[in-house]
Amino acid sequence: MFVLALAGLFISVTLLISHIFILELPCGGRNDCRAVAASELSHVGPIPIAAFGALFDAAVIGICLLRPGKTGQFWRTSAAFVWTIGLIATVISAYLTNVSVHNLGAFCIWCVSHAIVVALIWLISAIEISKFAPDPGEVPAKSGERKLFVPVLALALIASASYGTFLYKTASIYRWFPQKYNEAIIGDGHWSLGPASAPVTIVEFGDLECDRCPPASIFLNKFQADHSKTVRIIFRHRILPMHPHAQDLAEIAEWAGTKGKFWEMHDAIYADQKPGSEGKYLTYATRIGLDDKELQKFLDTPRTDKKGIRYKAFMQTYDDWQDAAVLGVDQTPTLYVIVNPPGGERHTYKAASLGGLKRLVEDEQVEKWIGPATAENRVKGATK
């Protein structure tokens, strides 16, 4: 239990550090950890779930440190306590894992690893109670044996702190960078939400098949809703070559925009990014109240037909690609924040991820123009 709890503490402390400093963790070749971290289920109010995981691990470690020198009765009672909190933690972990996989379509290797550790600790406590519980008057371990635990605990804490420091120092890609303003950032004729006179404009270059983009989209939706008078958001396409459906999805979003539902289509695609085939494309239309037959007709139109609506949609994505090439945008999401207050000096910043964007909007040079969150609803409709 002690060794497992140390492993759990390493995982939970690392997750906690990533939440506090908005660092994005290595995720086994996938980026699902970002989606899970951006989910509402990753917090209970302002407290990250990882903090409760760390408390569980610390409690088990504490019990293991207290046991040497205590009688068998204490061992039995403490095992029952670990079994109880372990059962609660296992049920919660299983529920959160199920939600992340089935609702978010995301698999966070860090979270699942901690869930496995918790389940094993619970299983060990159950076995201890049923088969290996010492006699009440027996003293299974002498108090002097406690000193064997202390250096191992110290090493585990040093390892956690060192890895957290390493993550923070190597996370420059997740921070923001001052930029020279370039007209190609905003361009012309792009979908936006919020007033054109807003002192802060956030431009996202995104790929509708990119699994890193939905968390940024979720954040931007809420952020613009909370600051509807001071923040304007603009979405631009940056289609990545490794995504086979991205071009079709971008054109479908542009088609929905001609029906007044660009943002609804944008949100629907990000909510379910596994299109698979044109048949799945049609479900996006019905989901947001558009005619799937019209969408099928749009998809049947060749992009080369200069009189057709699909050609116009394709050219919009091509214009975005050209501007992205000028700016050197080679990953998604790439986010530009332009602070252009009335009568003030314009500043431009670039963030390479959601973590960088969150840090940027909290910077005093940007935050003072955004102002406090309001209770107003999101500005309805989109402008182009």
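Reader: How are H7 and H9 oriented to each other, and why?

Author: Before the answer, a word on the basis: this is a predicted model, in which local features need pLDDT of at least 70 and side-chain atom pairs count only at pLDDT 80 or more, while totals for chains, interfaces and linings use all residues. Residues are numbered from 1 along each chain as its sequence is written, and side-chain values use heavy atoms, with hydrogens and water left out. Helices (H or I, at least four residues) and strands (E, at least two) are DSSP runs, numbered from the N terminus. Axes are lines fitted to C-alpha atoms, for helices over the stretch in contact, and angles run from 0 to 180 degrees between N-to-C directions. Angles under 35 degrees count as roughly parallel, over 145 as roughly antiparallel, 65 to 115 as roughly perpendicular and the rest as oblique. Here helix H7 (residues 213-226) and helix H9 (residues 262-271) pack at an angle of about 135°, with their axes 10 Å apart, and H7 and H9 are therefore oblique to each other.

Reader: Which residues of H7 and H9 make the contact?

Author: Contact means heavy atoms within 4.5 Å. From H7 come Cys 213, Pro 214, Ser 217 and Asn 221, and from H9 come His 266, Asp 267 and Tyr 270. The residues of this contact divide into three nonpolar, three polar and one charged, where Ala, Val, Leu, Ile, Met, Phe, Trp, Tyr, Cys and Pro count as nonpolar, Asp, Glu, Lys and Arg as charged, and the others, Gly among them, as polar.

Reader: At what angle do H8 and H12 pack, and is their crossing left-handed or right-handed?

Author: A crossing is left-handed if the near helix is turned anticlockwise from the far one by less than a right angle, and right-handed if clockwise. Helix H8 (residues 246-258) and H12 pack at an angle of about 115°, their axes being 9 Å apart, and their crossing is right-handed, whereas H7 passes H9 in a left-handed crossing. On the H8 side the contact includes Gln 247, Glu 251 and Trp 255, and on the H12 side it includes Ile 309, Arg 310 and Phe 314. The residues of the contact of H8 with H12 divide into five nonpolar, four polar and four charged.

Reader: What is the order of the strands in the open sheet?

Author: Strands of a sheet pair through backbone hydrogen bonds, either parallel or antiparallel. Two strands are taken to pair if DSSP finds at least two bridges between them. The open sheet of six strands has the order S3-S8-S7-S5-S6-S4, with mixed pairing. S3 and S4 stand at the edges, each with a single partner strand, so one side of each is left without a neighbour in the sheet.

Reader: Which strands pair with S8, and over how many bridges?

Author: Strand S3 (residues 176-179) is joined to S8 by four bridges, the two running antiparallel, with Gln 179 partnered by Thr 348 and Phe 177 by Lys 350. Strand S7 (residues 334-339) is also antiparallel to S8, through five bridges, and the partner of Val 337 is Tyr 349.

Reader: In which sense do S5 and S6 pair?

Author: Strand S5 (residues 200-206) and S6 pair in the parallel sense over seven bridges, one of the bridged pairs being Gly 206 and His 237. By contrast, strand S4 (residues 192-193) runs antiparallel to S6, with two bridges, and Leu 193 stands opposite Ile 233.

Reader: Why is S6 described as largely enclosed?

Author: Buried means under 20% relative accessible area, exposed over 50%, partly exposed in between (1.4 Å probe, protein chains only). Seven of the seven residues of strand S6 (residues 231-237) are buried, so S6 is largely enclosed by the rest of the structure. In a regular strand the side chains alternate between the two faces of the sheet. Val 231, Ile 233, Phe 235 and His 237 are buried on one side, and Arg 232, Ile 234 and Arg 236 on the other.

Reader: Which strands does H12 lie across, and which does H13 lie across?

Author: Helix H12 (residues 309-327) lies across S5, S6 and S7, running at about 100° to S6. Helix H13 (residues 354-361) lies across S3, S5, S7 and S8, at about 15° to S7. Seven of the eight residues of H13 are buried, so H13 is largely enclosed by the rest of the structure.
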